[in-house]
Amino acid sequence: MGRRPGVRIGPPIAPPPVHLARDHERSVVAALVRDGTWQRVRPGAYVDAALLGGPDDARTLALARMSALRRQLTCDAVVSHTSAALLWGLPVLRAPTTTHITQRYSSRAGGPADLTRHRPAVGDDDVVALHGLRVTSLERTVVDCARTESIRGGVVVADAALHRGADVLRCHDLLTGMAGRRGVVRARTVLDLADDGAESAGESLARVALLAAGAPPPQTQVAAPTHLGTYWADVGWPEACVLAEYDGRGKYAGTPDAVLREKRREDALFDAGWRLLRLVAEDLRDPATLTRRLRRLFPALTPRPALLR
């Protein structure tokens, strides 16, 4: 299957640098926090406040906590789950408020509140080094997130990881070795739904919403020939000449030319016999309305609401 030119999932992300209180006089730390130069990210660790103030603050703070742990943590632990997903540069449904680590031994009671510890241990074959941190492999990260996140959250991570080159067969092998553990059934559903053609979290969520509303499984990145050339849609059903696209808030921001180009594109698709279903964030939160819209295109639907849990 072809792939349209476009944005690809980015490389692993380097955590921002942090300042440790142990490296400075107490009065200096207090003054820098008081005047807003530093912001605390975990006990004894601070990040430059200038790095914050944007839409990705939760992600930046989560990465800064990992940067601090790299210098503070003394136990043999591996960054895992959604924390590992962030380090791999993968999208997540929501940034974790604690750092997830997997370790070989049980921790003592009363450990740091900003750490979420998991067992059992990760095999050496599924541990890699990223920016000085021991992190679960791309495949183990997918499996951990698929087991512990919602189906929607698991698909967001799995789609992006497969797009980056994760081996889905390795993911299935890892799940086979976890038979009987919590979340394995859900993880298998996530892997069944995952598709390396999704190019953003919004596209992944839209595809899950379509499936939950009862749509047949769509093909990702559909090429649609028209008299103006070949256009690409996020997902579609070529046999039914139906396309669907997720429109983010900023998709048509800018000059009126962008809106005009999109209008010409829609007209060309219509002339070529394609029907286009546009989805926005509100549609993803209203499965009943989405099902009604889909019935105009696919009269026989079998909704799967469990996919949205």
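Mentor: Happy to! Keep in mind that this is a predicted model, in which local features need pLDDT of at least 70 and side-chain atom pairs count only at pLDDT 80 or more, while totals for chains, interfaces and linings use all residues. Residues are numbered from 1 along each chain as its sequence is written, and side-chain values use heavy atoms, with hydrogens and water left out.

Trainee: How many helices and strands does the protein chain have?

Mentor: Helices (H or I, at least four residues) and strands (E, at least two) are taken as DSSP runs, numbered from the N terminus. On that basis the protein chain has eleven helices and twelve strands.

Trainee: What share of the residues counts as buried?

Mentor: Buried means under 20% relative accessible area, exposed means over 50%, and partly exposed lies in between, with a 1.4 Å probe and protein chains only. The C-alpha trace spans about 70 × 50 × 35 Å along its principal axes. Of the 309 residues in the protein chain, the buried share is 47%.

Trainee: In what order do the strands of the three-stranded open sheet lie?

Mentor: Two strands pair if DSSP finds at least two bridges between them. Here the pairing is antiparallel, and the order is β1-β3-β2. The edge strands, each pairing on one side only, are β1 (19-20) and β2 (38-42).

Trainee: Which residue in β3 is the bridge partner of arginine 42?

Mentor: Strand β3 covers residues 45-48 and pairs with β2 in the antiparallel sense over four bridges. Within β3, the bridge partner of arginine 42 is alanine 45.

Trainee: At what angle to β2 does helix α2 run?

Mentor: Axes are lines fitted to C-alpha atoms, for helices over the stretch in contact, and angles run from 0 to 180 degrees between N-to-C directions. Helix α2 (residues 57-72) lies across β1, β2 and β3, and its angle to β2 is about 70 degrees.

Trainee: How are α5 and α8 oriented to each other?

Mentor: Two packed helices are described by the angle between their axes and the distance between the axes. The axes of α5 (residues 151-164) and α8 (residues 201-212) come within 9 Å and cross at roughly 130 degrees. Angles under 35 degrees count as roughly parallel, over 145 as roughly antiparallel, 65 to 115 as roughly perpendicular and the rest as oblique. The two helices, α5 and α8, are therefore oblique.

Trainee: And which residues of α8 do Arg152, Val155, Val156 and Asp159 meet?

Mentor: Contact means heavy atoms within 4.5 Å. Those four residues belong to α5, and in α8 they meet Ala201, Ser204, Leu205, Arg207 and Val208.

Trainee: Which residues of α6 make the contact with α4?

Mentor: The axes of α4 (residues 138-148) and α6 (residues 168-176) come within 9 Å and cross at roughly 55 degrees. That angle makes α4 oblique to α6. From α4 come Glu139, Arg140, Val142, Val143 and Arg147, and from α6 come Arg170, Cys171, Leu174 and Leu175.

Trainee: Which residue in the hairpin of β7 and β8 takes a positive phi?

Mentor: Four bridges join β7 (residues 127-130) to β8 (residues 133-136), and the strands run antiparallel. Valine 128 has valine 135 as its bridge partner in β8. Two residues lie between the strands, and the one with a positive phi near 50 degrees is histidine 131.

Trainee: What is the average twist in the four-stranded open sheet?

Mentor: This sheet has mixed pairing and the order β9-β10-β11-β12. Its edge strands are β9 (219-226) and β12 (275-279). From one strand to the next, the twist averages 45 degrees.

Trainee: Which backbone nitrogen does the side chain of aspartate 234 reach?

Mentor: Aspartate 234 is found in β10 (residues 229-237) and is buried, with a relative accessible area of 7%. A polar contact is a pair of N or O atoms within 3.5 Å; within protein, one must be able to donate a hydrogen and the other to accept it, and residues adjacent in sequence count only if both atoms are side-chain atoms. At 2.9 Å, the side chain reaches the backbone nitrogen of tyrosine 246.

Trainee: Is proline 96 buried or exposed?

Mentor: Proline 96 is in the loop between α3 (81-87) and β5 (99-103). Residues it touches include Ala62, Arg65 and Leu86, not counting those up to four places away in sequence. Because its relative accessible area is 8%, proline 96 is buried.
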